[in-house]
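Morning, everyone. Please look at the screen, and we will walk through a few helices together.

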Amino acid sequence: MEIIEIIILTFKVSGCALICSIVLGGGLGFFVALNNFTGKKQAIAIINTGMGLPPVVVGLLVLLFLWRGGPLGFMELIYTPIAMVIAQIILATPIIAGLTMAAIQAVPEKMKWQAAALGARGWNLVWLLAKETKSSLLAAVMAGFGGIISEVGAVMMVGGNIRGQTRVLTTSIVLESQKGNINQAIILGLVLITLSFSVNCCLTLIQQRARK
Amino acid sequence: MKKLLVWLFILAALFIGSYSLAASKNIILATTTSTVDSGLLDALLPIFEKQTGYTVKTIGVGSGLAMEMGRRGEADVLLVHSPADEEKLVKEGFGINRRPVMHNDFILVGPAKDPAAAAKAANVKEAFSRIAKSGALFISRADKSGTHAKELSIWKKNKDTLSNLWYLESGQGMGATLIIANQKEAYTLADRATYLNFKDKIRLVIIFEGDKLLFNPYHVIEVNPAKHPKINAAGAKTFADFITSAKTQKLIADFGKDKYGQTLFFPDALNGNN
């Protein structure tokens, strides 16, 4: 069934993009929050701006880079799921980075000193802080996931909404409603919301258990 | 840590590399929204892919953008319906082997009560003029598609000014524009195939048809590999040969007959119609 294929691709693309964004965004968030360097304020301002990047602009940029005539054209990534993943990583990374940064900065300085005094260095310190701010970090992941799963403009541009190759739930909803198949569009919309709800449910359960 | 990063990088490179190797069997087909929205390509492409082993990436945009993609080497082969622009593309050397594939016709559709009395016009030029004079709503594709080019060429024959009080630009594909026109009870120019595909979802009726100005031919054009060495020229030629072959032409003639009781696209490749 076609819809199953679309759902599987949606999961693959969003999953890949989410994992990469967590690694990149989380890493960036921790790095900026825990280190003092010149230009730190500017870096924070850039990350915060990135949280509101317009998806169509990101789509356009990725398109220009990946087109055959573009600088990365030799990789032949345009109109592939990888192109969609790249666009979504660019969109979700700043969201996760910004919220991670805010969470870590909210940890009282005293606690960081205490941890450091007890011998926590480098990765140990990061691990301790991550445990401490678990529920905020999960909120960051949920926000990133929300941005990724609901995105349509950028993936439409760089993926091309090709049947059986780059058609995901959001782009097929656009297509079906343009074709006048409103019923089909509504069904796909409900599937998308259900998927999004179940993933967020799981994350919320983990988050709330962490609060106890 | 550094070692781990290096390994991750190698893995990512392998992943992307494997994708690039597989990509030589891809053909990028830039075409009009009408061939996609009517369902014709959904019927033909699986057969082509099975026969040849190529994977077709169909990008359904207006004919204008489709040809721009050809000009920039972002597409391998074009299936479009905007004859004047097509000839220009070939003349400039960006397209080769332009061949007729099929035709149907444009129709003026609008609300059944026909407030501009456009149905009474003697020809399509007059029908458009009546709409302009009455101030009844008209939705233009305004997306540089073949349909849009045709519509503009008809307006040009009259000297009416297009005022944004009644002349609205949707900037979208044929299907979306029909839906907007339906909601606003407006006139619009449509290709017959897309209109028939939407007929049971909208209340718009055919107001004017049959003028020879409304003839709508589709051509297949291969992008010139001499201009863009990176394109998949072999794949483009295979696709163009496929769509103009006797077998495919028969499929095109039969397409839609069971669903609509009439032919949506009339094959042209064999009888040399232009």
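How do α4(A) and α7(A) run, roughly parallel or roughly antiparallel to each other? Hold that thought while I set the ground rules. This is a predicted model, where local features need pLDDT of at least 70, side-chain atom pairs count only at pLDDT 80 or more, and totals for chains, interfaces and linings use all residues. Residues are numbered from 1 along each chain as its sequence is written, while chains are lettered from A and ligands numbered from 1 in the order in which they are written.

Now the pair. Helices here are DSSP runs (H or I, at least four residues; strands are E, at least two), numbered from the N terminus. The axes of α4(A), residues 81–105, and α7(A) come within 9 Å and cross at roughly 160 degrees. Axes are lines fitted to C-alpha atoms, for helices over the stretch in contact, and angles run from 0 to 180 degrees between N-to-C directions. Therefore α4(A) and α7(A) are roughly antiparallel. The cut-offs: under 35 degrees is roughly parallel, over 145 roughly antiparallel, 65 to 115 roughly perpendicular, and the rest oblique.

Who makes the contact? Among them are L91(A) and I95(A) of α4(A), and A140(A) and G144(A) of α7(A). Contact means C-beta atoms, placed from the backbone, within 7 Å. The residues of this contact divide into twelve nonpolar, five polar and no charged. Nonpolar is Ala, Val, Leu, Ile, Met, Phe, Trp, Tyr, Cys and Pro; charged is Asp, Glu, Lys and Arg; the others, Gly among them, are polar.

Next, α7(A) by itself. Residues 134–149 make 16 residues, reaching 22 Å from first C-alpha to last, close to the 22 Å expected. The expected span is 1.5 Å times one less than the number of residues. Its buried residues include L137(A), F145(A) and I149(A). Buried takes 20 or more other C-beta atoms within 10 Å, exposed 12 or fewer, partly exposed in between, with C-beta atoms placed from the backbone.

Another partner of α4(A) is α1(A), residues 2–34. Their axes come within 6 Å and cross at roughly 35 degrees. By class, that contact has 24 nonpolar, eight polar and one charged residues.

Over to chain B. L45(B) lies in helix α3, residues 40–52. Why is L45(B) called buried? Because 21 other C-beta atoms lie within 10 Å. L45(B) touches V56(B) and T58(B), not counting residues up to four places away in sequence.

Last, the two chains. Their contact takes 16 residues from chain A and 20 residues from chain B. Chain A's side has six nonpolar, six polar and four charged residues.

How values were computed:
Two residues are in contact if their C-beta atoms, placed from the backbone, lie within 7 Å.
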